[in-house]
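Welcome, and please open your viewer. We will go from one selection to the next.

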Amino acid sequence: MKVKIFHKAVDVEFKKDPKLGDGSKSYGFFDEDDGRIVAAANIKPDDQREVVMHELFHVIDDTLGIGLPEKKLRPLSVGVFTMLKENPELLKYFFEEVK
């Protein structure tokens with residue numbers, strides 16, 4: 001799948017047991033050099049969605065040069081994911097024509 005953020009296309013790939021550059025196991029990561037997100041294919045669907053959301057926050061953080069540390073970025077990504085999951089009408093409000 002491709003996701004556009006600030007007119008930048010980011011590939012999202014799903015792999016079993018993705019590993020970071022140092023070989024350590026991870027649920028997902030944003031590869032800045034390749035401009036892609038890799039998320040674990042072998043986890044629960046909601047966990048996978050949360051990982052993708054988290055990595056998208058890394059893309060935004062990197063693109064805007066914010067420099068959030070992981071301990072601040074993680075609660076933001078989890079908070080937005082949870083808010084959208086618990087309030088699906090928000091997506092309609094923001095992105096569908098209001099009648």
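Start with Phe95: at 68% relative accessibility, this residue counts as exposed (exposed is over 50% relative accessible area, buried under 20%, partly exposed in between, with a 1.4 Å probe and protein chains only). Before going on, note that this is a predicted model, where local features need pLDDT of at least 70, side-chain atom pairs count only at pLDDT 80 or more, and totals for chains, interfaces and linings use all residues. Residues are numbered from 1 along each chain as its sequence is written, and side-chain values use heavy atoms, with hydrogens and water left out.

Rings of Phe, Tyr and Trp (its six-membered ring) pair if their centres lie within 6.5 Å; planes under 30 degrees apart are stacked, over 60 edge-to-face, the rest tilted. The whole structure holds two aromatic pairs. Phe94 and Phe95 are tilted, at 6.2 Å and 55°. Phe94 counts as exposed because its relative accessibility is 54%, and Tyr93 is exposed too.

Now select strand 2 (residues 8–15) and strand 4 (residues 36–40), a parallel pair with five bridges. Strands (E, at least two residues) and helices (H or I, at least four) are DSSP runs numbered from the N terminus, and strands pair if DSSP finds at least two bridges between them. Look for Lys15, opposite Ala40 in strand 4.

Finally, show helix 1 (residues 45–64), which packs on the sheet and touches strand 1, strand 2, strand 3 and strand 4; contact means heavy atoms within 4.5 Å.

Notes:
Axes fitted to C-alpha atoms, helices over the stretch in contact; angles between N-to-C directions.
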